[in-house]
Amino acid sequence: MSIFADENSSVVVVGGPAGVTAAKRMAEFCHLAGRELYVKAFVFPPDAGKTADLNVGNKIISVPIFKTLKEATDNTDVNTVLVFVAPSRATQAAMDALDNPQIKVISMITEGVPEKDAKLLIKRSKETGKIMNGPSAIGVMSAGKCRIGVVGGEYNNLILSKLYRPGSFGVLTKSGGLSNEIMWIISQFADGITTAIGIGGDAYPCSDFVTYLDMFENDPETKAVVIVGEMGGNLEEDAAEWYAAKKRRIKLIGVIAGFCQEKLPAGMKFGHAGAKEGKHGEGSARGKADALKKAGAIVPETFGGLGPAIKKVYEELKAAGEVEEKPVLTADQLPKLPQKVEHFVEQGEMLVEPLIKSTIADDRGEEPMYGGYPASELIDAGYDIPHVIGLLWTKKLISQKEAEVVRRIIMLSADHGPCVSGAFATIMAACAGIGLSQAVAAGLIMIGPRFGGAVTDAGKYFDHGYKKFNDDIPGFLGWMKKNVGPVPGIGHRVKSVKNPDKRVKSLIAHVKEAGIETPRLDFALRVEEVTTAKKGNLILNVDGCMAAILTDMGFPNASLNGFFILARTIGLIGHWGDQKRNGGRLIRIFNYLVNYAVPGRKKVPPLDK
Amino acid sequence: MAKLLEGPAMALFEKWGVKTPYHIVISDVNQLEDLIEANKWMNDRKMVVKAHEALGGRFKLGLVKIDLDKEGVKKAVREIIGREVQGLVISQAIVAEMISHDEEYYIAVQATREGAEILLAKMGGIEVEANWDKIKRTFVEVGEKPTDEQLIKLAEEAGFEGELAGKVAKFAHSFFECYDNEDGQYIEINPLILNPKNNEITALDAVTNLDGDARFRHPDWNFSFASEFGREYTPAEKKVMEIDSKVKGSVKLIEIPGGTTALLPAGGGASVFYSDAVVNLGGTIANYSEYSGDPPSWAVEALTEEVCSLPGVSNIIVGGAIANFTDVKATFAGIISGFRKAKDEGKLDGVKIWVRRGGPNELAGLAAMRELKDEGFDIEVFDRYTPLTDIVDMALGKQESAQ
C-alpha cells in the first residue's frame, strides 16, 4: 500500500513548460510501473485548447490543456493537483484546488511563496480537510504506484532506488534533494519505500509530519518511517509527541540537520526559509533530536549513521517476520525507457541515413565554420565578405586580388535604378504593402534570360569558346548561331561602341592592372571586336564581362548568376525601404498604357449541355 | 526573513498611521546645512544621531549620540559617516527628534503558524526583557483582524487604564495593520512612549522583519533588506545575492571568517548536513553555501569562484544528494570552469577538493570532474555509492579515502 498518492491518483498539472517537464517525468514513471498515464490534464491559460504530448514508453498521449481548474475537473476525472506556477499565481491556483470539490490532494513545488499565503492555505486546507502539500515541496513518490512531481529524478535513479515496487519504509522530509537521497539509502540498506513525501522547507509548510505519520500508521505495508528534519519550526517536536503519545505500530527513525548552528553566527540563513530559528531552545536541531529520542525514535548522531540505522531496523523487521524479502530487479528486467534517436547516434549504436549533405559550412560548434574556418577568426585576420563568398561558393579561400575583383563586381551590380524589371517588381510589391522578404523575392523572380540572368550562360559559352574556338572567332560565332542563338553577354539596349558601358571598361582596366590571368575575358574581347564590327551595340556587356572574369577566377559556372542576385539584392532592399519611407501608393497602371486588343462585346451563349 | 533599517521601517509605520518621531536619513555630510534649514524641527529640538547600518551593539560602538542640538548633530553626523567599523564604512546616519518621556512600553506582532500574536507590555527598554512573563498576548487568526474589544482587553490586561488603554488599543490596531498589509513576520517597538508634546503614542525604536518573498506584491518597497546577523554583507555575499535574485533556482553564500573547510554543496537540505558533518568532526567551516533548483552553470561558476577565493581553506567539499531535476553535468560544468579559473590564479594551491553527487546526468558530470585530476587538481570524486557525508570524514582525515 501507500498513502494518498496511489493507483487512484489522477493528476492535473497547473503550469506551463516546467509543468510539462514534470509531467514527462511522471509519464516515465508510468512506463516503469506499467501504469496508464495518470496525468489527465493541464491548466495553463496561454495554451488553453491545445494539448501537450507525453510519452509513455513509445506511445504518445495528447493531454488536454484547460484555461481553468474548473474546466479541467468538469472534463476529466482528476483528483490531484500539482501546482507548478510562479509564487505570484501559485496561491490562487492552490486556493482554487482547495475549493474544488473534485480535488482531494494538492502538491505545490513553487518556491518563494509568501508566508502569509502559506498560512491562508493551511487554514483553508484545514477547513476543507484536504491534503495540501507544499509550498516548495518536491512532490510525492509512492513506489510502483504513483509519482506526483519530479521527485525521484531520472529514470535510471527510479530503477536503482527500487521505486518500481513498494518496500516497507515511509519517508518524510523537508528537503527535496534529501528525499531522493533517503529513497536511495533505503533501497540500499533495506527493501525500499512505500511512500516518500517532501513537504518543503518553508517556514510554514501547509502539511505537517503528524498528519502523514497517522496515515503511515494506518498503512499496513509501511513498517517504519524515516523523518529528515532540520532546525526551525516545531514539526519534528510534534512528531515526537505523536510518537510518544501511545504505542505505535511503525518504527520511527529520525535525523535532524542543523547542529552546526550551535557554532555559527546567530541569525544565519540556511538554504530553507524555515531553517532559521533558535540556537538551543525550541526549534534547535538538538532540541528536535532529543525530543525524538525521548519519544522512542531511533536517532543516529549524524547523517552518516542513517544507513546503518535503517539496516538495523530492517533486519529486526525481517527477524520478527514482519517483512519478507522483496524482489530486486535490474534494468534488464524492467521496461527500457525509449531513447531519442540522438541518444543512440551519440553512443555510436545507430546509423542514420543522412537527409542532406553539407560540404561548406558547419554550425555544430560554438560558432559557424565557413569551409573549416571559424567566422570570427576570419574577421579578426582581416578577411572580407568576398572571401566568405569564395569559401561558401567555391570552397576556396580566394586571394586578396581576387577578392578585390569580387568586391568591385558586387558594387557595380548593386543597383540599376527603379525602372528595370527587378527593381520595378520590388517597388510594385512594396507599394502594395508587401513585406520585405516577399517584395525582394518579387524582384529576384524577374532575374532570368532577359534580365540579369545571362551571367551563367555567358560564362558557359565563353568558356566553351575559349576551349574549343580560341583562335577561331568566326567558327565560335557560327557554332553559337547554329546551336544557341545570340551570344549571351554580348549586346546592349542602349550602350554601344560610341557610348561604351563605363562599368565594363573600369572592371577590365582593374583586372588587367592587377595582373590577373584572364584568358576567357581576352577571348570575349576578341569576340566583341568581331561583333561590334557588324553592329555598334553588340558590345561585351556587364554580364558577359563579369562572367568571363569570374570563370577565369575559378568560380563554378552554376554560381555566376549568384553574383548578380547577391549584388542586386542590395538594391532591391534599398528600393523596398525607399518606398516604405516615402509612403509609396498602390500602383495601378493607366488604361492608356494598355493596348486593349480585345474582341468587341459578344452575347453570352447558353451553356453547352 | 528580511530585516529593515530604521529609515524605511519608519516610513512604513507612518504609512499605516503608526506615529514616529521626526527623523531624516543622511548619506551626504555636505547636505547637512540644507537639511537643517529645511527641517524646522532640527532647529529647536533635542536630537539623537545613530549610524544607519545593520550593525549590532551600535551604542557600545559609539555609533549612537544622544541629547544633541543642531551643532551637536552636525558634529555627530560628521563623526559617524565615513567611519570604519568591523570592516564596514558607515555610509548613512539617521537623525531623529529626541522625545523626553516618563514611561516606556513594549509592543510586538509575531507571526505564528496559525496567524499572529500581538504582544503588549506596560514597560519597555531593558525592563521588559527582564520581565518577559509580564507581557500580555492576544491571538489573531490569519486572514482576520483584531477587534476593538480584543485590543482594549489586551491593553487593560497589560495594565493600561482609561483613556490611555483606548489610545494604546488604537495604536495596536494601526500597528497590526502595518504588520498584516506589509507582509510582516516580526515587528517590535521598544520603547513605545506617550509623547508628552502631542499626547500621541509614538514608536521610538523598532525591529522590523518583513517577508522578502512577498516583494512582488509591494511595488513601493524601494529599500533593500539589511543583513540579519549583526554585520553588513561582504562584497562576495552581495555579489552572490545579486546573482541569486536574477536566476532560476538559487545560489547562496555566507562567509564565516577563520574556517578551513569550504562548502560548495547542492541543495538546501544536504548543505546543512554537510555543515553539521564538518562541525561534528571538530572542523571549522569557512562558509555556508548551496546551489539548488537547477541554476544556470554561469551562476554556479560565479559561486565557485567566490568559494575558491575564501582565505585559509584546505578542503573544498563539493557535496550533494541525488538530485531530482538539477542537471549534474551542467552544474558541474560551471564548478569546473570556476575551479580552472581559481587554479590559474593560484587560489587552489594546497587545497584538496572532495566531490560526491548523484542525479540527472550524474555519470557524465562525475566523469568531467574526474578529468580535473589529469589537469593537476588535487581532487577526489565519488558517486552515489559513497554515502552523502563520507567525503567530509575523508577530508578531515577521520576515514581513509577509498580511492
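Predicted model: local features only at pLDDT ≥ 70, side-chain atom pairs only at ≥ 80, totals over all residues.
Residues are numbered from 1 along each chain as its sequence is written, while chains are lettered from A and ligands numbered from 1 in the order in which they are written.

Visitor: Which element gives the most to the side of chain B that touches chain A?

Guide: Contact requires C-beta atoms, placed from the backbone, to lie within 7 Å; 48 residues of chain B are in contact with 52 residues of chain A. Elements are DSSP runs numbered from the N terminus, helices being H or I of at least four residues and strands E of at least two. Those giving two or more residues to this side of chain B are β14 (250-255), α9 (270-280), β16 (287-292) and α13 (390-395). With nine residues, the element that gives the most is α9(B).

Visitor: On which residue is the kink in α22(A) centred?

Guide: Helix α22 of chain A covers residues 560-582 and reaches 34 Å from its first C-alpha to its last, close to the 33 Å expected at 1.5 Å a residue; the expected span is 1.5 Å times one less than the number of residues. A bend is the angle between axes fitted to the seven residues ending at a residue and the seven starting there. The kink is about 25° and is centred on A:T569.

Visitor: What separation do the centres of domain 2 and domain 3 of chain B have?

Guide: An automatic or database assignment supplies the domain bounds. Domain 2 of chain B spans 104-214 and domain 3 spans 235-395. Taken over C-alpha atoms, their centres are separated by 44 Å.

Conventions
Contact = placed C-beta atoms within 7 Å.
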